[in-house]
Amino acid sequence: MDSSENDGGVQKDDGGDEQCVGEVVVEEVEEEVYQIDEEKLENVVSLLQNSSDGSLESSLDDMDLTLHQDFVIKVFETTPIVSGDNLMRFFKWAWNEKSFKVTTPVVESLVVAICSSGLRKKEIYSLWDLVKDIGEKENGVINVGILNELIISCSKLGKGKAALEVFDKFEVFQCVPDSDTYYFTIEALCRRSAFDWACSVCQKMLDAKILPDGEKVGSILAWLCKGKKAKEAHAVYVAAIEERKYPPMSSVNFLVAKLCQENETVQLALEMLNDIPGERRKHATKPFLAVVRALCRIKDVDAAKQLILKMIADGPPPGNAVFNFVITAYSKVGEMGQAVEMMKLLESRGLKPDVYTYAVIASGYSNGGEMEEARKILEEAKKKHVKLSPVLYHTLIRGYCKIEQFDEALKLLTEMKDYGVRSGFDEYDKLIQSLCLKALDWETAEKLQEEMKENGLYLKGITRALIKAVKEMEKEVVEAESISAVA
């Protein structure tokens, strides 16, 4: 017995290494590589390009084609000028061949070919019907990419309802929507102003916790805001921030502005300001200005003041406009101490109160009958500004007329000319009416009327009639007194 038998089929080579022989047979089977018949491919493409009648299927039968996935995909990839209808007819013909198996890559290539070759509504609708048919008969062939292509095409065509129909079939075809699915479905619906449906899809996106990137989130925010769905847009924003998918600052500004338009959502806008990171915050004047203005509108002036203090501490630096909103709000409710305090804070920041600032504070004092304080504001304004506003003078003239100090009102009217401030119709009209109704001084009223004419201003008929009536009334009183004295 030789050594090979004793070793059980194991022999040693010259170097002493063992090798298995005899009992183990290694067979190398070369996988057959499919080669596309270029001539037949060219013939099929030519047929699809030129056939427009019902002979397409019979012509394909005559070609004696051996269908393979690679061949069919190549047909779809090399037919840029073939109608979508012919591509679908070719697919249906191939599908009917028992030797051909429909696969996901084949359907993907068909969908891409039709959706990228110039969108036609009729072809996209026919393609969708075909995809539904495939999904019902071929289990597991339809995938997310195929459905997303259809949704994108529907969006481009402005067919929101059709896009929603595709979206609703995901569960039927056992597909899980991805971020593009939600984004393009929402886009399609918003393009058709179907904002309620869009909000429904948004809610499903939030529930699934599948959001697109920050840029696309920003687009969703803008679409919903344009559709007056700022509250729903805010929910999307909150979810995006939690996932660190930050939308562009322009979209954030737009959302803040829209939230500020409704009283019940101003607080949401205020909370959003806390999410603006440090570098962005330095240049985020617009959203802060919008929130300060909204807080003043809903009469939460103290909150607006606190926001300004926060802006001073953390940025963005508040400008005159921000301060003026708060000063105006305090002045309107008669909290003049707070208004003056805010003006001093403005000055401490190296800013100069503008004429409007002085005018609103003077108006607040005037409305409360504190004409001495209002006059002090006027004097301070004259020191800081070479040219004043007619509104500032009108405010004080109205205030003096209210407490029947007509001499002071007349002095201000004269002072306006000295400071180069053109007297307007309102100043004259208010003073003339007050002189007639409260002081019965028609003579001064007539002088003012003449002065108005010299300045190219004219009284309304009702005010002219008032001067005439007071004049005639005084004349009747004088005549009555004369008769009484004679008697």
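1. Helices here (H or I, at least four residues) and strands (E, at least two) are DSSP runs, numbered from the N terminus. The model is a predicted one, where local features need pLDDT of at least 70, side-chain atom pairs count only at pLDDT 80 or more, and totals for chains, interfaces and linings use all residues. Residues are numbered from 1 along each chain as its sequence is written, and side-chain values use heavy atoms, with hydrogens and water left out.

2. Pockets come next. On a 1 Å grid over the protein atoms alone, a pocket is an open set of points with protein on both sides within 12 Å along at least five of seven lines, a cavity is a set where a 1.4 Å probe fits but cannot get out, and lining residues have an atom within 4 Å of a point. Points are joined across faces, edges and corners, and a volume is the space filled by probe spheres set on the points.

3. The largest pocket has a volume of about 240 Å³. Its lining includes Cys-225, Lys-226, Lys-258 and Thr-265. Helices α12 (214-226) and α13 (230-242) each supply at least two of the lining residues, and α13 gives the largest share, 3 residues. By type, the lining of the largest pocket has 2 nonpolar, 2 polar and 8 charged residues. In this count Ala, Val, Leu, Ile, Met, Phe, Trp, Tyr, Cys and Pro are nonpolar, Asp, Glu, Lys and Arg are charged, and the others, Gly among them, are polar.

4. The second largest pocket holds about 190 Å³ of space. Among the residues that line the second largest pocket are Arg-293, Cys-296, Phe-325 and Lys-332. At least two lining residues come from each of α17 (285-297) and α19 (320-332), with α19 giving the most, 4 residues. The lining of the second largest pocket divides into 5 nonpolar, 1 polar and 4 charged residues.

5. A search of the whole structure finds 1 cavity of 30 Å³ or more. About 50 Å³ of space lies in the largest cavity. Tyr-237, Ile-241, Met-249 and Arg-280 are among the residues lining the largest cavity. The elements that give two or more residues to this lining are α13 and α14 (249-260). The lining of the largest cavity has 8 nonpolar, no polar and 2 charged residues.

6. Two packed helices are described by the angle between their axes and the distance between the axes. Axes are lines fitted to C-alpha atoms, for helices over the stretch in contact, and angles run from 0 to 180 degrees between N-to-C directions. Helices α8 (residues 144-156) and α10 (residues 179-191) pack at about 20 degrees, with axes 9 Å apart. The two are therefore roughly parallel (angles under 35 degrees; over 145 is roughly antiparallel, 65 to 115 roughly perpendicular and the rest oblique). The crossing of α8 and α10 is left-handed (the near helix is turned anticlockwise from the far one by less than a right angle; clockwise is right-handed).

7. Which residues of α8 and α10 meet? Among them are Val-144, Ile-151 and Ile-152 in α8, and Phe-184 and Ala-188 in α10; contact means heavy atoms within 4.5 Å. The contact of α8 with α10 has 5 nonpolar, 4 polar and 4 charged residues.

8. The axes of α9 (residues 160-168) and α11 (residues 195-208) come within 12 Å and cross at roughly 25 degrees. Helices α9 and α11 are therefore roughly parallel to each other. Their crossing is left-handed. Lys-161, Leu-164, Phe-167 and Asp-168 of α9 make the contact with Trp-197, Val-201 and Lys-204 of α11. These residues divide into 4 nonpolar, no polar and 3 charged.
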